[in-house]
Amino acid sequence: MKNLSSEERQQLIAEHYKAIIELLGEDPEREGLKKSPERIARAMQYLVSGYGKSAADKLSAQFEEEYGGKERIILVKDIEFYSLCEHHMLPFFGKVHIGYIPDKKVVGLSKLARLVEVFARRLQLQERMTQEILEAFNENVPNNGVMVVVEARHLCMQMRGVQKQNAVTTTCLYSGKFDDEAKRREFYEMLNSPITLEE
(Lines give C-alpha, C1' and ligand atoms only; values in the text may rest on other atoms or scores of the structure.)
Protein backbone atom coordinates (compact mmCIF):
# COMPACT_ATOMS: atom_id res chain seq x y z
CA MET A 1 0.00 0.00 0.00
CA LYS A 2 2.88 2.41 0.75
CA ASN A 3 4.10 2.28 -2.87
CA LEU A 4 0.77 3.33 -4.36
CA SER A 5 0.54 6.63 -6.18
CA SER A 6 -1.96 9.26 -5.05
CA GLU A 7 -4.16 8.43 -8.04
CA GLU A 8 -4.08 4.70 -7.26
CA ARG A 9 -4.99 5.38 -3.64
CA GLN A 10 -7.85 7.61 -4.72
CA GLN A 11 -9.22 4.93 -7.03
CA LEU A 12 -9.11 2.26 -4.32
CA ILE A 13 -10.72 4.55 -1.74
CA ALA A 14 -13.48 5.39 -4.23
CA GLU A 15 -14.13 1.69 -4.88
CA HIS A 16 -14.48 1.04 -1.16
CA TYR A 17 -16.85 3.97 -0.71
CA LYS A 18 -18.95 2.73 -3.59
CA ALA A 19 -19.30 -0.60 -1.78
CA ILE A 20 -20.15 1.19 1.48
CA ILE A 21 -22.87 3.24 -0.21
CA GLU A 22 -24.39 0.02 -1.54
CA LEU A 23 -24.12 -1.71 1.85
CA LEU A 24 -25.95 1.22 3.43
CA GLY A 25 -28.92 0.47 1.18
CA GLU A 26 -28.41 3.09 -1.52
CA ASP A 27 -27.92 2.71 -5.26
CA PRO A 28 -24.40 3.97 -6.09
CA GLU A 29 -25.41 4.17 -9.78
CA ARG A 30 -28.25 6.64 -9.33
CA GLU A 31 -27.65 10.13 -10.71
CA GLY A 32 -26.90 11.92 -7.44
CA LEU A 33 -24.44 9.27 -6.26
CA LYS A 34 -22.60 8.28 -9.43
CA LYS A 35 -19.60 10.52 -8.78
CA SER A 36 -19.85 10.55 -4.98
CA PRO A 37 -17.24 7.80 -4.39
CA GLU A 38 -14.63 9.81 -6.30
CA ARG A 39 -15.61 13.04 -4.55
CA ILE A 40 -15.46 11.37 -1.14
CA ALA A 41 -12.07 9.84 -1.98
CA ARG A 42 -10.63 13.24 -2.90
CA ALA A 43 -12.11 14.82 0.23
CA MET A 44 -10.74 12.08 2.49
CA GLN A 45 -7.27 12.37 0.97
CA TYR A 46 -7.33 16.08 1.76
CA LEU A 47 -8.74 15.63 5.26
CA VAL A 48 -5.92 13.26 6.23
CA SER A 49 -3.15 14.99 4.24
CA GLY A 50 -1.23 15.62 7.47
CA TYR A 51 0.28 12.15 7.26
CA GLY A 52 2.52 13.32 4.45
CA LYS A 53 3.72 16.47 6.21
CA SER A 54 6.62 17.13 8.56
CA ALA A 55 6.32 19.27 11.68
CA ALA A 56 10.05 20.04 11.47
CA ASP A 57 9.58 21.50 7.97
CA LYS A 58 6.71 23.70 9.13
CA LEU A 59 8.78 25.11 12.01
CA SER A 60 11.96 25.78 10.04
CA ALA A 61 11.41 29.56 9.74
CA GLN A 62 13.14 30.79 12.90
CA PHE A 63 14.75 34.14 13.55
CA GLU A 64 17.32 35.39 16.05
CA GLU A 65 15.42 37.80 18.29
CA GLU A 66 15.62 38.87 21.91
CA TYR A 67 12.05 39.29 23.08
CA GLY A 68 12.15 40.80 26.56
CA GLY A 69 14.45 38.23 28.13
CA LYS A 70 13.41 34.70 29.01
CA GLU A 71 10.06 35.44 30.65
CA ARG A 72 7.88 37.01 27.93
CA ILE A 73 5.11 34.98 26.32
CA ILE A 74 4.31 34.97 22.61
CA LEU A 75 0.73 33.79 22.11
CA VAL A 76 -1.01 32.86 18.88
CA LYS A 77 -4.63 32.20 19.70
CA ASP A 78 -7.78 31.13 17.90
CA ILE A 79 -6.04 28.94 15.29
CA GLU A 80 -9.00 27.23 13.64
CA PHE A 81 -8.76 23.53 12.91
CA TYR A 82 -10.87 20.70 11.52
CA SER A 83 -10.08 17.06 12.16
CA LEU A 84 -11.63 13.59 12.07
CA CYS A 85 -12.20 11.57 15.21
CA GLU A 86 -10.55 8.18 14.77
CA HIS A 87 -13.34 6.36 16.62
CA HIS A 88 -16.24 7.25 14.32
CA MET A 89 -14.50 9.24 11.55
CA LEU A 90 -16.81 12.16 12.28
CA PRO A 91 -15.46 15.72 12.40
CA PHE A 92 -14.31 17.56 15.47
CA PHE A 93 -13.32 21.18 15.15
CA GLY A 94 -12.43 24.23 17.16
CA LYS A 95 -9.47 26.40 18.08
CA VAL A 96 -5.89 25.88 19.19
CA HIS A 97 -4.00 28.41 21.31
CA ILE A 98 -0.20 28.14 21.42
CA GLY A 99 1.92 30.22 23.77
CA TYR A 100 5.68 29.98 24.15
CA ILE A 101 8.55 31.72 25.86
CA PRO A 102 11.33 32.09 23.27
CA ASP A 103 15.00 31.35 23.85
CA LYS A 104 17.02 33.54 21.48
CA LYS A 105 14.85 32.63 18.48
CA VAL A 106 11.25 33.26 17.48
CA VAL A 107 9.35 31.19 14.94
CA GLY A 108 7.38 32.61 12.00
CA LEU A 109 3.84 33.16 13.28
CA SER A 110 2.10 31.47 10.36
CA LYS A 111 4.18 28.38 11.05
CA LEU A 112 2.21 27.73 14.23
CA ALA A 113 -0.99 27.49 12.18
CA ARG A 114 0.80 25.16 9.76
CA LEU A 115 1.97 23.04 12.69
CA VAL A 116 -1.63 22.62 13.82
CA GLU A 117 -2.60 21.52 10.29
CA VAL A 118 0.06 18.78 10.28
CA PHE A 119 -1.63 17.02 13.19
CA ALA A 120 -5.26 18.06 12.65
CA ARG A 121 -5.29 16.59 9.13
CA ARG A 122 -5.11 13.01 10.43
CA LEU A 123 -7.43 10.54 12.09
CA GLN A 124 -7.11 11.94 15.57
CA LEU A 125 -7.96 12.19 19.22
CA GLN A 126 -8.02 15.68 20.69
CA GLU A 127 -5.84 14.57 23.57
CA ARG A 128 -3.20 13.12 21.23
CA MET A 129 -3.27 16.14 18.95
CA THR A 130 -2.60 18.44 21.91
CA GLN A 131 0.37 16.27 22.92
CA GLU A 132 1.76 16.07 19.38
CA ILE A 133 1.67 19.85 18.90
CA LEU A 134 3.48 20.41 22.21
CA GLU A 135 6.12 17.75 21.54
CA ALA A 136 6.76 18.89 17.97
CA PHE A 137 7.25 22.49 19.10
CA ASN A 138 9.61 21.43 21.88
CA GLU A 139 11.63 19.24 19.51
CA ASN A 140 12.04 21.87 16.80
CA VAL A 141 12.04 25.32 18.40
CA PRO A 142 14.41 26.48 21.18
CA ASN A 143 12.20 27.72 24.01
CA ASN A 144 11.84 28.23 27.74
CA GLY A 145 8.30 26.90 27.87
CA VAL A 146 5.32 25.99 25.69
CA MET A 147 1.61 25.84 26.46
CA VAL A 148 -1.01 24.37 24.14
CA VAL A 149 -4.77 24.65 24.72
CA VAL A 150 -7.31 23.04 22.39
CA GLU A 151 -11.05 23.72 22.53
CA ALA A 152 -13.28 21.61 20.30
CA ARG A 153 -16.78 20.43 19.48
CA HIS A 154 -17.14 16.78 18.52
CA LEU A 155 -19.85 15.70 16.10
CA CYS A 156 -19.65 12.17 17.49
CA MET A 157 -21.24 13.70 20.62
CA GLN A 158 -23.60 16.04 18.77
CA MET A 159 -24.90 13.93 15.86
CA ARG A 160 -25.07 10.53 17.57
CA GLY A 161 -24.80 8.94 21.00
CA VAL A 162 -25.62 11.42 23.77
CA GLN A 163 -26.42 14.20 21.24
CA LYS A 164 -25.29 17.05 23.48
CA GLN A 165 -25.11 20.12 21.26
CA ASN A 166 -23.33 22.54 23.57
CA ALA A 167 -20.56 20.33 24.94
CA VAL A 168 -17.06 21.72 24.40
CA THR A 169 -13.95 19.69 25.23
CA THR A 170 -10.81 21.51 26.42
CA THR A 171 -7.36 19.96 26.63
CA CYS A 172 -4.22 21.65 27.92
CA LEU A 173 -0.56 20.66 28.12
CA TYR A 174 2.50 22.69 29.01
CA SER A 175 6.22 22.48 29.64
CA GLY A 176 9.18 24.49 30.90
CA LYS A 177 8.41 27.75 32.71
CA PHE A 178 4.68 27.06 32.33
CA ASP A 179 5.07 24.54 35.15
CA ASP A 180 4.82 27.69 37.28
CA GLU A 181 1.18 28.43 38.09
CA ALA A 182 1.79 32.18 37.82
CA LYS A 183 3.05 31.74 34.27
CA ARG A 184 0.00 29.71 33.32
CA ARG A 185 -2.21 32.41 34.82
CA GLU A 186 -0.41 35.00 32.67
CA PHE A 187 -1.08 32.84 29.60
CA TYR A 188 -4.81 32.69 30.39
CA GLU A 189 -4.94 36.42 31.06
CA MET A 190 -3.46 37.05 27.61
CA LEU A 191 -5.80 34.48 26.08
CA ASN A 192 -8.93 36.01 27.58
CA SER A 193 -8.03 39.68 27.30
CA PRO A 194 -10.21 41.63 24.84
CA ILE A 195 -8.09 43.24 22.14
CA THR A 196 -9.38 45.94 19.83
CA LEU A 197 -7.33 46.56 16.70
CA GLU A 198 -8.16 50.03 15.45
CA GLU A 199 -7.55 50.97 11.84
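Is arginine 30 buried, partly exposed or exposed, and at what relative accessibility? In this predicted model, arginine 30 has a relative accessibility of 38% and therefore counts as partly exposed. Its salt-bridge partner is glutamate 26, with a nitrogen-to-oxygen distance of 3.0 Å between the two side chains. Glutamate 26 is likewise placed in the partly exposed class, because its relative accessibility is 35%.

This pair belongs to a wider set, since side chains of opposite charge can pair when their charged atoms come close.

The side chain of lysine 183 meets that of glutamate 71 in a salt bridge, at 3.7 Å from N to O. Lysine 183 belongs to helix 7, which covers residues 181-192, whereas glutamate 71 sits in the loop between strand 1 (62-64) and strand 2 (74-85), so this contact ties together parts of the chain that are 112 residues apart in sequence. What is the relative accessibility of lysine 183? The value is 9%, and because buried means under 20%, lysine 183 counts as buried. Glutamate 71, by contrast, is partly exposed, at 39% relative accessible area.

The side chains of glutamate 86 and arginine 128 also form a salt bridge, with an N to O distance of 2.9 Å. Here too, distant parts of the chain are linked: glutamate 86 lies in the loop between strand 2 and strand 3 (91-102), while arginine 128 is found in helix 5 (residues 126-140), 42 residues apart. Glutamate 86 is partly exposed, with a relative accessible area of 31%, and arginine 128 is partly exposed as well, with a value of 30%. Elsewhere, shared partners connect salt bridges into one network, whose members are Glu71, Lys177, Lys183 and Glu186.

The largest pocket holds about 310 Å³ of space. Which residues line the largest pocket? The lining consists of Met1, Leu4, Arg9, Leu12, Ile13, His16, Gln45, Val48, Ser49, Tyr51 and Gly52. Helix 1, spanning residues 6-23, supplies the largest share of this lining, with four residues.

Methods:
Residues numbered from 1 in each chain as written. Predicted model: local features only at pLDDT ≥ 70, side-chain atom pairs only at ≥ 80, totals over all residues. Heavy atoms only, no water. Salt bridge = Lys/Arg side-chain N within 4 Å of Asp/Glu carboxyl O. Buried < 20%, exposed > 50% of the residue type's maximum accessible area, 1.4 Å probe, protein only. Helix = DSSP H or I, 4+ residues; strand = E, 2+ residues; numbered from the N terminus. 1 Å grid on protein atoms, 1.4 Å probe; cavity = no way out; pocket = protein on both sides within 12 Å on 5 of 7 lines; lining within 4 Å. Points joined across faces, edges and corners; volume = space filled by probe spheres on them.
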